[in-house]
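Please have the model open while you go through the points.

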Amino acid sequence: MDPVYHRLPVVDAGGMELHLPLVDIGPGPPRLTVVAGIHGDEPSPLVLVDRLITVLRTRELRAGIRVVAAANIPALLQRARWSSWDDEDMNRIGDGGGGPALTRRLAAAVVRACEGCELAINLHNFVMRTPLLAIQPPVADIEHRARHERYLAALDPHVVWVFGDSADDVRSFQGSLDAAIERTGVHVLAVEMSDLPELDEPLLARALAGLLRLAAACGCLDDQERSPRRNRVDVHRRLVRAPGAGIFEPLAALGGKVQPGDIIGELIPLERPGQRVAIAAPDSGWLIQRLGRRFVRPGDMIFTVGHPVG
Ligand SMILES: [Zn+2]
């Protein structure tokens, strides 16, 4: 089935017209929307949606699927998390609140693009090497949690990052694009993966199979093969940041168990090459994300330890 490429008009600013490009595939109004490019420095999801559309072309669809491949064009063109045109983080302004800034108008357009669907999948990537990771937001409603669990089972991620549920965590989630989409009655599943240099074929294959099962769960495709129910780990996440500027050299393998004091990597300090600084795990758990060999600034994210929940 051939996709239809079209555009949602967003704004005409001084003759520069901004549109939200959409890809619709399958009969009838979309029941599933897949959103990529919310953050302009996260290009990996584009590889995944390209593969999804390529596979869907060969399938008989029962209902429509929509892809928003470039939610935040100004930020993507600047290769930055958010656009310097207005310095607004698209994932932190809800539906834009009716504001005139371009990122706010684009956020409103993304919410509109998802309206009427059963599920929106918001795709992101970390700079840290990250397995297929889905987010469990701090939503207490039992029906919401049961529905979320069904979608998680269909996706079959390696890791579920369970957000904290303190008042601050809940407030932070309420201000997100995900929460704004959910207020229109569309369930949201946020999914994270690795950055382009570490986006390998096994990760892409697992993510693509998960998206196809989610499409089936929304009634867009006939039932897919059942999820292999690989061992998934649900965790709270503890983030460790770079203590200084320099090159981070990874040592510990991703996905392994760590104990307090285990060396995860070393920092080659800019001011003292030849005197590496060992960076250790602060506590025990699973090493769920870890930077590759990269230049870091003080405070950049270098790894996370996952503490199993429940
Ligand atoms: Zn992101």
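1. Arg297 forms a salt bridge with Asp300, and their closest N and O atoms are 3.3 Å apart. A salt bridge here is a side-chain nitrogen of Lys or Arg within 4 Å of a carboxyl oxygen of Asp or Glu. Asp300 is buried, at 19%.

2. A word on the source: this is a predicted model, in which local features need pLDDT of at least 70 and side-chain atom pairs count only at pLDDT 80 or more, while totals for chains, interfaces and linings use all residues. Residues are numbered from 1 along each chain as its sequence is written, and side-chain values use heavy atoms, with hydrogens and water left out.

3. How many salt bridges does the structure hold? There are 19. In one of them, Glu249 meets Arg293 at 2.9 Å, N to O. Glu249 lies in strand 10 (residues 246-250) and Arg293 in the loop between strand 14 and strand 15, so this pair ties together parts that are 44 residues apart in sequence. Helices (H or I, at least four residues) and strands (E, at least two) are DSSP runs, numbered from the N terminus. Glu249 is buried at 12%, whereas Arg293 is exposed at 61%. Both belong to a network of salt bridges that also links Glu266 and Arg276.

4. Glu42 is buried at 7%, and His124 is buried at 4%.

5. Two backbone spots deserve a look. Asp87 has a positive phi of about 50 degrees although it is not a glycine, and phi of Asp156 is near 55 degrees. Most residues other than glycine have a negative phi. Asp87 is exposed at 53%, while Asp156 is buried at 4%. Asp87 sits in the loop between helix 2 (73-77) and helix 3 (102-114); Asp156 is in the loop between helix 4 (142-155) and strand 7 (159-162).

Technical notes: Buried < 20%, exposed > 50% of the residue type's maximum accessible area, 1.4 Å probe, protein only.
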